[in-house]
Amino acid sequence: MKTPKYWQSNSVVSKLLQPVGWLYGALTQLRLKLHTAPKVDVPVICVGNITAGGTGKTPVSIALAKMLETEMFHPFFVTRGYGGKLQGVMVNNKKHAVQEVGDEPLLLSKQAPVVVNANRYEGAKLAIKEGADIIIMDDGFQNPSLHKDLSFLVFDGHYGIGNGKIIPAGPLRETFADGTKRADALIILGKDNHHLAERSGLPVFFGHTEPVQTAISNPNILAFAGIGHPQKFYHTLTKQGFNVVKTVDFPDHHFYNKKELENLVREAQKLNAEIYTTSKDFVKIPPSMQKYINVLEIAIVWDEPEKLLQFIEHKIKGTQK
């Protein structure tokens, strides 16, 4: 789905939907209270959020795995595999298609091994069997199927929590207060425009996304994306010196077909423009069409990486049985 514009305002639509949001939030809390999450023998770090849409969880998960690998950990990702058909599998990015395991697992697998399983406990057991000594859950903050030793909530500092209402009235999966009660720390990408750090009372670690610079041959760009907040991607291209002549939005987690992509190629040719998309979108493009598409790779840059690493190591120390 595309992020509704009324999620950013207290419009009539959001007010009318607010009772449904209250029910959604109450059911989320009830589900969490009724389940006792089982624990595994290695530390589990959850990289989650309380807002629907793109906060940057997957790039943050990749950055944390990279950080842990430098400290001689052997991290595995355990994730739901949204949009994929397979469950209980180790992702093989040379074998599995996006329709089988989902887009985010394929992206994560470029950094570290990935297990796809909606039941995170079963996924964690498989990861440990395959050699994991620490597990990173990409998403799953509201999933009670696995005990979390450390939970981060990721926020886009510019977007914040939108209108502060719960789905479908706003972008929240649960209230800010309920979410921060169970979290250990916040990760805020960009400037904290909504004072979330102060409101949470939790430790906060700041970072920002930084493109991996690409040489510019043709500055004219047709950009497309199927992510929660595509405008962030387009703005990043502009900051890199590209002239974004046209943008095309698709729903989050959209699976691209050949006809859609051929239409984009024809439009780009008319505009004398190159085509750019995100890493998350690129893994969903059929191989026969990938040669026409460029990718703007991004990475997370931490403001205080040593402080973040010390916090993680302190939290997971002694968590094993």
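This is a predicted model: local features need pLDDT of at least 70, side-chain atom pairs count only at pLDDT 80 or more; totals for chains, interfaces and linings use all residues.
Me: How many residues of strand E5 are buried?
Reply: Terms first. Strands (E, at least two residues) and helices (H or I, at least four) are DSSP runs, numbered from the N terminus. Buried means under 20% relative accessible area, exposed over 50%, and partly exposed in between, with a 1.4 Å probe and protein chains only. In strand E5 (residues 134-138), five of the five residues are buried, so the strand is largely enclosed by the rest of the structure.

Me: Which residues of E5 lie on each side?
Reply: In a regular strand the side chains alternate between the two faces of the sheet. Here Ile134, Ile136 and Asp138 take one side. Ile135 and Met137 take the other. Both faces are covered.

Me: Which strands pair with E5?
Reply: Two strands pair if DSSP finds at least two bridges between them. Strand E1 (residues 44-48) runs parallel to E5, joined by four bridges.

Me: In what order do the four strands of the open sheet lie?
Reply: The order is E10-E9-E11-E12, with parallel pairing. Strand E10 (243-249) and strand E12 (294-295) stand at the edges. Each has a single partner strand, so one side of each is left without a neighbour in the sheet. Strand E9 (residues 220-225) and strand E11 (residues 274-277) pair over three bridges. Alanine 223 has tyrosine 276 in E11 as its bridge partner.

Me: What packs on that sheet?
Reply: Contact means heavy atoms within 4.5 Å. Helix H8 (residues 230-239) touches E9, E10 and E11. Helix H9 (residues 258-271) touches E9, E10 and E11 too. Axes are lines fitted to C-alpha atoms, for helices over the stretch in contact, and angles run from 0 to 180 degrees between N-to-C directions. H8 makes about 160° with E9. H9 also makes about 160° with E9.

Me: Is leucine 86 buried, partly exposed or exposed?
Reply: Leucine 86 counts as partly exposed, because its relative accessibility is 29%. Leucine 86 lies in the loop between strand E2 (75-79) and strand E3 (89-90). Leaving aside residues up to four places away in sequence, leucine 86 touches His96, Glu100, Val101 and Val116.

Me: What lines the largest cavity?
Reply: On a 1 Å grid over the protein atoms alone, a cavity is a set of points where a 1.4 Å probe fits but cannot get out; a pocket is an open set with protein on both sides within 12 Å along at least five of seven lines; lining residues have an atom within 4 Å of a point. The largest cavity is lined by Phe205, Phe206, Trp302, Asp303, Glu304 and Leu308.

Me: Which residues lie nearest the centre of the second largest pocket?
Reply: Leu106, Phe282, Val283, Ile285 and Gln290 do, out of 15 lining residues. Helix H3 (98-101) and helix H11 (287-290) each give two or more residues to that lining.

How values were computed:
Residues are numbered from 1 along each chain as its sequence is written. Side-chain values use heavy atoms; hydrogens and water are left out.
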